[in-house]
Amino acid sequence: MSDLFDVIVVGAGPGGLAAGLYTARAKLKSVVLEKELPGGQINKTGVIEDYPGFSSIDARELAQKMADHAKEFGAEIRTSDAKSVQKKGDVFEVETSEGVLRSKVVILASGGSPIYLGCKGEMPYQTKGVSYCAICDGALPLFRNKPMVVVGGGDSALEEGLFLTKFASHIYLVHRRGEFRASQILVDRVKANPKMEIVLDSVAEEIGGNDLVEWVKLKNIKTNQVRQVEASGVFIYIGFTPNSDIVKDPLKKDEKGYILTNQNMETTIPGLFAIGDVRQQLTKQITNAVGDGTTAAVAAEKYIHGTLQRSPVGAGLS
Ligand code: NAP
């Protein structure tokens with residue numbers, strides 16, 4: 001039987017790393033599990049401009065600083081894929097790529113995964129021009145000085161579209177409605193960028209080419225007019241699905257799968273906390289995730305010592 005941890009943190013994004021830092025400082029026996037690189041989603045971003053104290057910092061550098069900081073205070077960060085979380089009596093069993101780990105508390109910081117568009121050509125051209133990560137793929141030679149299509153109208157689409165203007169000759173920013181969901185500062189930057197062409201009320205209907213993507217059919221859903229534009233890349237940012245399925249016990253979630261919590265990050269399963277992008281909340285910012293991680297770590301310590309006052313879970317968003 002494996003050792004019993006006080007806390008297992010699943011996911012080493014900013015929230016998970018903050019939780020690891022605070023549990024380590026509280027001298028709880030804890031481990032942070034991450035299947036990829038510490039930093040999670042922020043490794044897929046370019047420059048971070050809205051983390052207090054840094055008016056501009058490379059996302060990977062920030063992630064590395066957070067990981068180093070947590071380690072400095074004794075947090076263990078393990079490369080390990082957590083496949084399932086289940087509570088047996090008072091103990092959690094986390095099935096990982098390296099066997100079953102056990103703990104008194106689990107802090108779920110597992111983030112989310114991109115949503116696919118579902119149009120014709122999307123799947124066959126994945127890795128051949130269709131991408132969900134501009135920072136990972138945008139600088140590839142196949143995209144250099146070529147036109148690209150970005151799909152979506154939220155902060156991600158506009159931010160990543162602006163990032164891609166460094167490499168692309170032209171960007172078609174395709175959004176299904178007449179108004180963007182993204183913040184006004186990004187909308188203003190997009191409008192001011194001569195490489196960006198805004199295509200509203202439109203969807204990417206089909207992606208095609210030969211070995212690699214060469215064109216996209218854009219359909220105006222108000223007029224039904226279709227135009228085919230030349231593009232070597234299609235970057236899709238239409239939201240994501242929270243990675244909440246690894247919890248095997250019944251857990252209160254919203255209709256999109258986001259986990260409901262109370263203000264202490266407790267879920268409907270005592271001892272299971274959820275933080276960051278996997279839980280239902282208004283925004284998905286690094287600052288939110290870090291705050292969630294801090295709260296969960298402090299609450300976890302109280303839970304372990306039997307001093308946490310439990311409050312109702314899941315009032316929902318107003
Ligand atoms: P989002 O805000 O949910 O936006 C998704 C966009 O995709 C929406 O404009 C939506 O259109 C569109 N969409 C959804 N399904 C579609 C479909 N089937 N076909 C075509 N379009 C579709 O997602 P996000 O941009 O990834 O942002 C997620 C969260 O992260 C947000 O809270 C955002 O503020 C935050 N974020 C913040 C930053 C930052 O502050 N630096 C950067 C990135 C993300 P509708 O508008 O019509 O629904």
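## Helix α2 and alanine 67

Helices are here DSSP runs of type H or I with at least four residues, numbered from the N terminus. In this predicted model, alanine 67 belongs to helix α2. With a relative accessible area of 1%, alanine 67 is buried, because the limit for that class is under 20%.

Which residues does alanine 67 contact beyond its neighbours within four places in sequence? They are Leu17, Pro38 and Ile77.

## Packing of α1 against α2

Helix α1 covers residues 14-25 and helix α2 covers residues 59-72; their axes come within 8 Å and cross at roughly 20 degrees. The two helices are therefore roughly parallel, since angles under 35 degrees fall in that class. The crossing of α1 past α2 is left-handed.

On the α1 side, the contact involves Pro14, Leu17 and Leu21. On the α2 side, Ala63, Met66, Ala67, His69 and Ala70 take part. Sorted by class, the contact of α1 with α2 comprises seven nonpolar residues, one polar residue and no charged residues. Leu17 of α1 and Ala67 of α2 are both members of this contact, and Leu17 is also listed among the contacts of alanine 67 itself.

## Packing of α1 against α6

Helix α1 also packs with α6, at an angle of about 30 degrees and with the axes 7 Å apart. This crossing is right-handed. From α1, the contact draws on Pro14, Gly15, Ala18, Ala19, Tyr22 and Thr23. By class, the contact of α1 with α6 contains eight nonpolar, four polar and no charged residues.

Is threonine 294 buried or exposed? Threonine 294 is buried, at a relative accessible area of 19%, because the class requires a value under 20%. Residues up to four places away in sequence being left out, threonine 294 touches Ala18 and Tyr22.

## The β6-β7 hairpin

Strand β6 (residues 82-88) and strand β7 (residues 91-96) run antiparallel and are joined by six bridges. Serine 84 has glutamate 95 of β7 as its bridge partner. The two strands form a hairpin with two residues between them. In the turn, glycine 89 has a positive phi of about 65 degrees.

An open sheet is formed by five strands with parallel pairing, in the order β10-β17-β11-β12-β13. The edge positions are held by β10 (130-131) and β13 (196-199); each has a single partner strand, so one side of each lacks a neighbour in the sheet. Two bridges connect β10 in parallel with strand β17 (residues 233-236). Valine 130 stands opposite valine 234 of β17.

Helix α4 (residues 155-164) packs on this sheet and touches β11 (147-151), β12 (170-174), β13 and β17. The direction of α4 makes about 170 degrees with that of β11.

Conventions:
Residues numbered from 1 in each chain as written. Predicted model: local features only at pLDDT ≥ 70, side-chain atom pairs only at ≥ 80, totals over all residues. Heavy atoms only, no water. Buried < 20%, exposed > 50% of the residue type's maximum accessible area, 1.4 Å probe, protein only. Contact = heavy atoms within 4.5 Å. Axes fitted to C-alpha atoms, helices over the stretch in contact; angles between N-to-C directions. Parallel < 35°, antiparallel > 145°, perpendicular 65-115°, else oblique. Left-handed = near helix turned anticlockwise from the far one by under 90°. Nonpolar A, V, L, I, M, F, W, Y, C, P; charged D, E, K, R; others polar. Pairing = 2+ DSSP bridges.
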